[in-house]
Amino acid sequence: MQKKRTVYVFAAIVIAIALVYFFGINRSAGASPSFMPAVGAKAPDYSFIYASNGTVANVSSLNGKPVLLWFVATWCSGCAVGNEMLNDNISYFKNKGINVIEIELYRDLGYSGAPINTFVNDYAPNVTSYSNFRSAISGYNLSLAYDKDGYLDVYYLIGSNGKIVYENDGSLAATMKNLKSKINSLSGSL
Amino acid sequence: MNGYAQSSSFETLEGTTAILKALKVRFLTFFAAMFIFYYVIFSYFSFGLALFGIKYYFYYILASSFTLSILAALSIAIGLYSQKTVRNNVKGNRSGIYAFVVSLVPSTMCCTPIIPSILVAVFGSGGIALASGAIQGALSNFSPVFIVMAALLLYYSIRVSLKRIKKPSCEC
């Protein structure tokens, strides 16, 4: 009886780990998840605050150049890995003429982590020297519009016309390859 | 092997060492398997990166994996020995399983969609879902507490198994 119970418990643990893997890692492929604005739609226009100088800006103010909006929490290890990945790839985005805005989710999703500037400096020290990178802090409406389910590490590629071209709710670190191949395939039409 | 049950030092380091000598192949196999398991899981989720930083989180993963795997291997090897040799209709000791679950909570529950998905299922999108960090961030920042808790549970599990070897009739 005890043996049986132990087997059930271990089976439950294995299933839980499998669920984490499939929901957590393999979400990158396929159609847009329901909580994200659809690809092809106009990017929702809400405000954020640039961390460097406290200026308030709207998403629409970024129109005219393609932009990557990446939503993070600064206590999140996966986002830290994403920063390391961004650190290694920021020149790629620069060469493609893409701005990158790393945005701390509203109130860091309810748990206070490091300030976004410190977070970026710790894990992606090179990016701040690139003119196409800026970090920012999200207002409630922006987080609600782009990440209403409160997932970590989601990003959007918005074309110069202000429409969403590509999006992913998998981590930036795990899906950088997909993002780059999408950008390469869109080259010229961004 | 039977001598362990009569040994007065069954709960001491010597007693444990004597059992491990007899079970060393099994112990080393469990240790290697558990170490690889923990190391792969912790590395995969970059366990402790946001807490300890790039320079030190590798050591945190290594130390956690080593501590947990050595205790888990001890717990399994001694637990199996106690069950095989002296256990008779005694209630199972589940602290090893609890320890396993506790040790994996912070790495698998933080920074994955599990907690946000549960909150959305219960409370809907927005609002509370946008505060899922209150749970995830706490799991991330207090992960060492979970590791220590898991280690203590494993230690308890080992103690119980060793007690059974000493007193086969005990209800421990």
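How many residues of chain A are in contact with chain B, and how many of chain B with chain A? In this predicted model, 31 residues of chain A touch 33 residues of chain B. The points below start with that contact and then turn to chain A itself.

**Side of chain A that touches chain B**
- Four helices of chain A each supply at least two residues to this side: H1 (2-24), H2 (77-95), H3 (116-123) and H4 (140-146).
- H1(A) gives the most, with eight residues.
- By class, the side is made up of 18 nonpolar, nine polar and four charged residues.

**Fold of chain A**
- Chain A has five helices and seven strands, and their order along the sequence is α-β-β-β-α-β-α-β-α-β-β-α.
- Of the 190 residues in chain A, 41% are buried.
- Of the chain A contacts between residues at least 6 apart in sequence, 76% join residues at least 24 apart.

**Positive phi in chain A**
- Most residues other than glycine have a negative phi.
- A:Arg107 has a positive phi, near 50 degrees, and is not glycine; A:Arg107 sits in the loop between strand S4 (99-104) and H3.
- A:Arg107 counts as partly exposed because 17 other C-beta atoms lie within 10 Å, between the limits of 12 and 20.
- A:Asp153, also a residue other than glycine, has a positive phi near 65 degrees and lies in the loop between H4 and strand S6 (154-158).
- A:Asp153 is buried because 26 other C-beta atoms lie within 10 Å, where 20 or more are required.

How values were computed:
Residues are numbered from 1 along each chain as its sequence is written. Chains are lettered from A and ligands numbered from 1 in the order in which they are written. This is a predicted model: local features need pLDDT of at least 70, side-chain atom pairs count only at pLDDT 80 or more; totals for chains, interfaces and linings use all residues. Two residues are in contact if their C-beta atoms, placed from the backbone, lie within 7 Å. Ala, Val, Leu, Ile, Met, Phe, Trp, Tyr, Cys and Pro count as nonpolar, Asp, Glu, Lys and Arg as charged, and the others, Gly among them, as polar.
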